[in-house]
Amino acid sequence: MMLTASSSTKEVRTNRRKFLKASGLAAVASKGLGAAANALGVNPAARTGSGGARVTVVMDEPAGQINRNVLGQFAEHLGACVYGGMWVGPKSSIPNTDGLRNDTIAALKRIHAPIIRWPGGCFADLYHWRDGIGPRSKRPTTWNLWWGREEPNSFGTDEYMEYCRLCGASPYICVNVGSGSVREAIDWMEYCNSSHSTTIAQERLANGHAAPYNVTYWSIGNENWGCGGAFTPENYADHYARYVNYLSRAAGGAKVEFVACGNEAGDWNQRFFEALLRRPAGRGILRTVRQLSIHHYFHDGAAVNFSDQGYYSLLAQVGFLEDVLRRVIGAVDEFREPNALAPGIALDEWGVWHPVPGQGPEALLQPNTLRDALLAATTLNSLCNFGSRVSMACIAQVFNVLQCMAFTRGARMVLTPTYYVFDLFHPHMGATALRTVVESSSYEVKEGHQHVARKYLSASASLDESRKRACLTLVNQHLTDAFDVEIELAAGAAVAGATVRQLTSASVRDQNTFDHPNGVVATDPKRVSVTGRRFTQTLPAHSLQSLLLELE
Ligand code: AHR
C-alpha cells in the first residue's frame, strides 16, 4: 500500500454532513458552544443526547512518523522512584539483578518502554555524576536538596545504563547546568561514550563496562528558567552554547542529539532562539538544538474523591496542552531555516500532579485512578495527532511518583491504570500518524471567563505499512453513556479483520491497590467481526479501546 498526498478531504466533508444530519449533531457541531456553563464550570445540558459518534480515518493523509519515544518514561531521584522502584540493592530479598528490581524491569519490558529520562528533573541540576560511580561502599551520601532525603548514590550511571539495557530502553541523560560545570559534563559524556583508552574511559572499564554506552540523547539542564538555575533565556542561551560547543566534540563519533530547555509559557523559546542567533556562528549553534524540551503538568483538585465536574474539567485540560504545543511549534518554526528539519518538541515531563506532600522517601506518591488513565490516553491521542512534530514525551514519573506506571511496597508491585494505557498505545510506536476527523457531542468547561467545548470522543490513528496494519485508539470520556462509533476508512485499503483491547471499570474513581491489585486492568486482545471500510464499534462509558485493524 502506498501513502500518497492525494486528498480525500472532499469525500470526508460530504460524509460528515450526512452523518451530522442523521445523528442530530449538526446543531452542536455548527454552533460549537451550547448554553452558558453553570457555576460549577461544566454544563450538564451539553452532556445530554450523546447519541452516536463518528471517526473518519483519512488513510491518504499521513502526518509523519509517531516517534517511539512518545511513550517514554521519566525517572528522578525523588521519593521512592529510584530507591524502591528501580533499585533494591544486590543483598535484598526482593528478586533483583545486581540490585536492579526484576519485576519493574519486566513491567517496562512488557510495554516496550522506549526511553527513560534520568536523573531528573530538578535533581539533575544538583547531581554530580562522579558521586555515583565506582565501588558503592565508597560513594558519598549526599543531601537531595530538592526532595528532602538522603541520597546514597547507590544507583548511578552504570546502574542506570544496566536498568535501561534490561528493559530494552534508550538512556536519556540530563546534564547539570545549574550547579555543575561544562568540564563535568564533558567527562560524563566521555565516561559514557568514549572508546579511547583515556583514563576516564578506562575507569568505565574498571567499573565493569568495557563497551561504550553510546548515549544518544543529552539534555542541557532541566527547567533552567526555574529549579535549574533560574536563568533568563539569554543567560541560558549562553550556557547552552558553551555546553554544546564542547559536548558536540566530546561525543566521540557517537550519534548525539541535544535537547535544549524550552518553556511552555511566555516568550522564553523565542528569546532563547534569538539569543542563540546573536552569538558568533549563531545559525550553527541553533542547528544543534535537535529537540526543545517543555513540561506540562495537569492539576485539578482531589486525586480520588473528585466530583463529576472535576472529572470533566481535568480531561478538558488536554485541549490546553494542545494549544501549548501549537504555540511552541509556532516558535520553533519561526526560527527554522528553509528546508531544514525543525527541532522536535520533547514533552519530557508530563502527567497529572495531585495535591500530595513533596518531601521525603514517599514524596509525590499519589493515587492513580481510571480518570488519570483516561487523561493519559486522551493526551497520547493528541501527541500522536501531532505526528512527527512531537519527538519525545516522558511521563512523570515511572514508579511511585506522580502519574506512575506502578507502585512498589516491599516485594510487591501493583500496576496502575495508566500503565495499561501505555500497553494499549504501543502499536502506534514508530507507525505513520494518519489524520482523523472526529465527530461527537461535547461538554463545556469554564476556563477563566471563557467557556470551551470539548468532544467526548478522542481518537488517533496510525498505519504500519510493513505489517499491513492500522491502529485506532479511541477514548469515550462520557461518564455514563456508551457510544456507537461509526468508523470509516477514507481512501486506502479496507479492513479484513480486527482485534480490540479495552480499559475501563465500573467507576472512574477506581484504582489498583495492594489489596485489590487488579481493579482496573486492560482486556486481552479479542477478535471483532469488522470488515470493509465502514463499521461500527461500541465504546462503553469512560473507556479506552485500542483497535488493531488488519488491512487487505
Ligand atoms: O517531576 C517532578 C518535578 O517537576 C521535576 O523535578 C521538575 O523538573 C518539575 O518541576
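Is Glu 223 buried or exposed? Glu 223 is buried, with a relative accessible area of 14%; buried means under 20% relative accessible area, exposed means over 50%, and partly exposed lies in between, with a 1.4 Å probe and protein chains only. Keep that scale in mind as we walk through the structure.

A word on the ground rules comes before the tour. This is a predicted model, in which local features need pLDDT of at least 70 and side-chain atom pairs count only at pLDDT 80 or more, while totals for chains, interfaces and linings use all residues. Residues are numbered from 1 along each chain as its sequence is written, and side-chain values use heavy atoms, with hydrogens and water left out.

Let us start with the whole chain. Its secondary structure comes to 12 helices and 25 strands. Helices (H or I, at least four residues) and strands (E, at least two) are DSSP runs, numbered from the N terminus. The radius of gyration is 24 Å, close to the 24 Å that the globule rule gives for 552 residues, so the chain is as compact as a globular protein of that length. Here the radius is taken over C-alpha atoms, and the globule rule is 2.2 Å times the number of residues to the power 0.38. Along its principal axes, the C-alpha trace spans about 75 × 55 × 50 Å. Of the 552 residues, 59% count as buried.

Now back to the backbone around Glu 223. Most residues other than glycine have a negative phi, and most peptide bonds are trans. Glu 223 has a phi near 40 degrees, a positive value in a residue other than glycine. Its place is in the loop between strand 9 and helix 7 (233-250). The loop between strand 9 and helix 7 is also the place of Ala 230, which has a positive phi of about 50 degrees although it is not a glycine. Ala 230 is exposed, with a relative accessible area of 58%.

What kind of peptide bond joins Trp 118 and Pro 119? The bond is cis, with omega at about 5 degrees. Pro 119 lies in the loop between strand 5 (115-118) and strand 6 (142-144). A cis peptide bond also joins Gly 120 and Gly 121, with omega at about 20 degrees, and Gly 121 has its place in the loop between strand 5 and strand 6.

Next come the aromatic rings. A pair of aromatic rings is described by the distance of the centres and the angle of the planes. Rings of Phe, Tyr and Trp (its six-membered ring) pair if their centres lie within 6.5 Å; planes under 30 degrees apart count as stacked, over 60 as edge-to-face and the rest as tilted. The structure holds 23 aromatic pairs. In one of them, the rings of Tyr 172 and Tyr 217 have centres 6.4 Å apart and planes at 75 degrees, so the pair is edge-to-face. Tyr 172 lies in strand 8 (residues 170-175) and Tyr 217 in strand 9 (residues 217-220), so the pair ties together parts that are 45 residues apart in sequence. Both Tyr 172 and Tyr 217 are buried.

A second example joins Phe 273 and Phe 335, whose ring centres are 5.3 Å apart with planes at 40 degrees, so this pair is tilted. Phe 273 lies in helix 8 (residues 268-278) and Phe 335 in the loop between helix 10 (308-334) and strand 12 (344-352), so the pair ties together parts that are 62 residues apart in sequence. Phe 273 is buried, with a relative accessible area of 2%, and Phe 335 is buried too, at 9%.

A charge sits over a ring if NZ of Lys or CZ of Arg is within 6 Å of the ring centre and within 35 degrees of the ring normal. The charged end of Arg 117 sits over the ring of Phe 74, 4.8 Å from its centre. Arg 454 lies over the face of Phe 320, at 4.7 Å from the ring centre.
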